Amino acid sequence: AHIESYVSPHLQPNGQLNPFSLEGKLALITGGGTGIGLEMARCMATAGATVIITGRREAVLQEAVADLGSSVHYLTNDVCELDTLEDLVAQIEATHGPLDILVNNAGINMKKPALEVTDEEFTRIIHTNLNAVFALTRVCAKRMVERKNGVILMISSMAAYYGIDRVVAYAASKSAVEGMVKVLASEFSKHNVRVNAIAPGFIETEMSRTAMNSDPDRRDRAMRRTPMGKFGQPSDIGHAAVFLASEAARYITGASLPVDGGNSIGF
Ligand code: NDP
């Protein structure tokens, strides 16, 4: 459809649905109680979606939902407990109807030189950022493929593309997710299920503040590597997520969209 106006999130003056609208859509965002996930939930709800956020800390989710309004709901869930994911999605669909959008956002990081990373630490990060992403994607995609409708978004990282010191497990997990996106996009394309990644650069959240604070020079180095000269906000990822989840992106699949103030231009 030709885009006449971006003013109304839902109906345009001519009565046609704005292609950026998520009106009538149901989205599940893992790790939606904080940071990037919280702002993606806010942006998707603003675009008209009903949004379910998950995470391990109920108090955090409760506070998020109180802030986000009546179209956002929460369920406490640990994505690492893979055998709970089928029930999670079944419960969501029994209450709210068919799931249209999955955003694999929950993730963990740790900064440590590679030689000091233990097997347990490496496995914990891979389990959260990769194994759980595949397990939940499989649960949701089965339903989406059957219904011939769905959008899956992975929150990757520029750490998937560049050698950033002291994030060996995190980089391995995000690179693997980028590979997964291409295979899933190819396999699901004939079923009208799109799969894309967003690769955020330096976004100001609890996770990045912790990383910056652990290394005083890091903030300066990060800033020098960011052509736009400022860090991103979680809502910058939220807007990109709305776009990729919407009809406006209906011909985009298997892509990874950098949202990074120009980090990916190179040096
Ligand atoms: P936060 O730490 O604020 O958010 C991570 C969220 O994931 C939390 O809400 C946390 O909630 C949830 N989470 C973690 N582990 C689990 C689990 N096992 N089960 C369910 N939920 C879980 O970080 P960000 O918002 O910055 O990160 C969000 C995503 O963006 C991550 O995938 C991260 O890798 C990615 N990213 C972030 C960048 C940045 O600069 N901030 C840059 C590039 C990528 P709880 O602890 O309650 O479970």
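Predicted model: local features only at pLDDT ≥ 70, side-chain atom pairs only at ≥ 80, totals over all residues.
## Basis

Local features need pLDDT of at least 70 and side-chain atom pairs count only at pLDDT 80 or more, while totals for chains, interfaces and linings use all residues. Residues are numbered from 1 along each chain as its sequence is written.

## Annotated region

An unreviewed UniProt entry annotates residues 25–201 as "domain: Ketoreductase". UniProt positions are given in the numbering used here, feature names are shortened, and such annotations may be inferred rather than shown by experiment. The chain over residues 25–201 is 48% helix and 19% strand. Its end C-alpha atoms are 28 Å apart. Helices (H or I, at least four residues) and strands (E, at least two) are DSSP runs, numbered from the N terminus.

## Helix α3

Helix α3 has twelve residues, 85–96. At 1.5 Å a residue it should span 16 Å, and its end C-alpha atoms are 16 Å apart, which agrees. The expected span is 1.5 Å times one less than the number of residues.

Leu 85, Leu 88 and Ile 92 are the buried residues of α3. They cover an arc of only 55° around the axis, which puts them on the same side of α3. The arc is that of the directions from the helix axis to the C-beta atoms. Asp 87, Ala 90 and Ala 94 are exposed on the other side. Buried means 20 or more other C-beta atoms within 10 Å of a residue's own, exposed 12 or fewer, and partly exposed in between, with C-beta atoms placed from the backbone. The cover over the buried residues includes β1 (26–30), β2 (50–55), β3 (72–76) and α4 (119–147). Just after α3, Gly 97 has a positive phi of about 100°.

## Ile 29

Ile 29 sits in strand β1. It counts as buried, with 29 C-beta neighbours inside 10 Å. Leaving aside residues up to four places away in sequence, Ile 29 touches Gly 37, Met 40, Ala 41, Val 51, Ile 53, Val 103 and Asn 105. Contact means C-beta atoms, placed from the backbone, within 7 Å. Ile 29 and Asn 105 are 76 residues apart along the chain, yet their C-alpha atoms are separated by 6.5 Å.

## Ligand shell

The ligand is surrounded by 30 residues. The closest are Gly 31, Gly 35, Arg 56, Gly 107 and Met 207. A residue is near if its C-beta atom, placed from the backbone, lies within 6 Å. α1 (35–46), β2 and α6 (206–213) each supply at least two shell residues.

## Positive phi in loops

Lys 148 has a positive phi near 55°. Lys 148 lies in the loop between α4 and β5 (150–155). Arg 166 has a positive phi near 70°. Arg 166 lies in the loop between β5 and α5 (168–188).

Conventions
Contact = placed C-beta atoms within 7 Å.
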